[in-house]
Amino acid sequence: MTVLQWLTAAMPLLSVFILLVLLRMPARRAMPLSLVICAVLALLVWQVPLVQLAAAAAEGLVIAVTILWIVFGAILLLNVLKLTGAIGVIETGFAAISADKRVQLIIIAWLFGSFLEGAAGFGTPAAIAAPLLVALGFSPLAAVVLALVADSSAVSFGAVGTPVLVGIAQGVPGIGPDTVLQVALTAISIDILVASWLPLLMVIMLTRFFSEQKSWRAGFAIAPFALLSGLAFTVPAYLVALLLGPEFPSVVGALIGLVLICTAARYRILLPARPWVFGRSLSEQRTDKPSAQSSIVTIPTARLTPLMPLWRAWLPYVLVAILLVLSRIPALPLQAALQQPAWHWPAIFGTELAVTVSPLYLPGSLFVLVALVSCYLWGGSTPVLLSALRLSGRMLLPSAIALAGAVPMVRIFLQSDVNSAGLPAMPLALAAEAAHYLADSWVWIAPFIGALGSFIAGSATFSNLMFGSFQQAMATQADLPLSLTLALQMLGANAGNMICVVNVVAAASVVNLHGREGDIIRYTLWPMLFYCLAASSVAWLLLR
């Protein structure tokens with residue numbers, strides 16, 4: 001590639017980094033600008049036909065609407081629970097298990113979030129975990145950053161194993177079921193040594209960067225409990241993958257981890273003598289004073305059900321989790337029933353691109369259904385529901401603008417294989433350039449290719465589909481075991497989920513943290529690098 005072609009292929013990454021991270025533009029301005037820059041370069045340098053650009057952008061707009069629906073459903077459910085008093089009961093329930101905010105973070109973001117990732121994936125964990133953390137007193141910035149860091153390891157087997165069963169199995173030519181299972185087992189084996197440290201990393205970030213005390217010591221003080229929490233998920237997930245296959249490691253592993261860690265927290269096993277709580281600023285740094293536009297919407301908690309039992313307060317989230325699991329199992333009729341009402345746009349503008357949406361199958365529809373039921377069964381009324389709808393809708397406009405720029409830009413990037421210059425799609429071109437110069441060090445590069453796919457596409461499944469065959473070719477060229485190379489691809493895709501621009505915008509939306517997307521990426525970039533480099537280090541040691 002020429003220098004100009006290389007810059008064109010890298011522009012989606014460069015524009016996001018420069019505009020969001022360096023210049024600190026809000027996503028509602030940075031993403032439309034990035035879209036225009038990338039579209040013009042794709043047209044003039046990559047020589048993508050105008051009709052292909054328009055079709056890819058239209059496809060992206062449809063996908064953006066589905067993401068906004070998920071965000072809206074998550075916000076609506078939270079607002080209904082606040083207005084009916086259920087969130088107050090949940091707060092009291094967590095205090096009964098442990099008043100320690102480090103423990104609450106691990107239970108909600110790491111374990112409950114991993115369960116949601118295994119059940120549904122596609123941004124659902126952060127959409128639920130982040131606002132729930134805010135309701136428990138975490139700052140919006142801390143809630144989003146730490147929810148995104150937590151939503152990583154479980155992505156390997158997210159959405160009932162889709163990244164493995166679709167991403168690896170269909171993205172790697174000629175790969176058999178036994179090899180697919182070996183790839184999955186290799187990935188989770190490495191994760192036992194790598195991802196098990198993530199809860200400790202999360203609590204250190206919490207106490208050092210999101211508390212008034214800014215203490216490293218408070219994070220390390222809970223190290224034994226945090227490491228136990230990491231292993232409580234990764235070890236059961238490995239056993240489930242070994243015994244049952246790749247569909248349910250995240251779901252079952254997270255459930256086992258929740259039981260173990262909630263019990264350990266209740267009886268203060270491996271916990272410091274004194275619980276750690278926020279200072280008077282509720283974890284906001286002095287420099288992190290949200291503006292009127294970026295501050296989270298304050299919702300008065302109604303006292304409609306003062307004697308609501310804890311199980312009843314949690315029941316809406318339990319119902320969401322059950323419905324997500326039941327609707328994602330192909331053997332059950334619910335999946336087919338929800339997928340059947342579908343809107344299909346074939347041959348967009350006469351191109352080969354097409355998009356299909358099953359509205360009832362989207363997680364957002366399940367969120368809305370449970371929110372409606374909860375509002376009336378939990379003592380709410382039509383005015384309460386209308387108030388929750390108004391509050392939820394008010395938070396979506398900045399997100400709609402940002403996603404309307406980000407997702408079409410991503411689709412243009414991915415669909416750029418149709419061009420007059422004889423070039424591959426831009427992601428594959430970037431990967432090929434990396435392979436040309438770095439093949440001898442591929443064990444260190446492979447995870448970053450997976451992260452590139454997730455960063456751009458917003459999906460580990462798509463990253464595995466897009467780069468699976470490429471990683472297969474590189475394994476042969478670099479003389480590396482195929483299962484190990486593909487496992488590094490999977491783990492890198494997990495890490496990329498932390499900084500994916502679509503996930504960042506969506507997660508920021510549910511806590512009304514518009515304009516802080518660059519700040520979020522600045523925090524999540526370092527855990528992403530740790531995840532990739534640690535996975536490569538373990539792989540390198542295995543090859544010795």
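Arg24 lies in the loop between helix H1 (3–22) and helix H2 (27–44). In this predicted model, Arg24 has a positive phi of about 60°, although it is not a glycine. Most residues other than glycine have a negative phi. Arg24 is exposed, at a relative accessible area of 56%. A second case occurs at Gln47, in the loop between H2 and helix H3 (50–83). Gln47 is not a glycine either, yet has a positive phi of about 60°. Its relative accessibility is 36%, so Gln47 counts as partly exposed.

Helix H12 covers residues 223–244. Its 22 residues should span 32 Å at 1.5 Å a residue, and the end C-alpha atoms are 31 Å apart, so the two values agree. Buried positions in H12 include Ala223, Phe225, Ala226, Ser229, Gly230 and Ala232. Phe233, Thr234, Pro236, Ala237, Val240 and Ala241 are also buried. The buried residues of H12 pack against H5, helix H9 (177–194) and helix H10 (198–209). They also pack against helix H11 (217–220) and helix H13 (249–266). Just after H12, Gly245 adopts a positive phi of about 100°.

H5 (residues 101–119) also packs with helix H14 (residues 310–327). The angle between these helices is about 30°, and their axes are 8 Å apart. From H5, the contact involves Phe112, Phe115, Leu116 and Ala119. These meet Trp314, Tyr317, Ala321, Leu324 and Val325 in H14. By class, the contact holds nine nonpolar residues, with no polar and no charged ones.

Key: Residues numbered from 1 in each chain as written. Predicted model: local features only at pLDDT ≥ 70, side-chain atom pairs only at ≥ 80, totals over all residues. Heavy atoms only, no water. Axes fitted to C-alpha atoms, helices over the stretch in contact; angles between N-to-C directions. Helix = DSSP H or I, 4+ residues; strand = E, 2+ residues; numbered from the N terminus. Contact = heavy atoms within 4.5 Å. Nonpolar A, V, L, I, M, F, W, Y, C, P; charged D, E, K, R; others polar. Buried < 20%, exposed > 50% of the residue type's maximum accessible area, 1.4 Å probe, protein only. Expected span 1.5 Å × (residues − 1).
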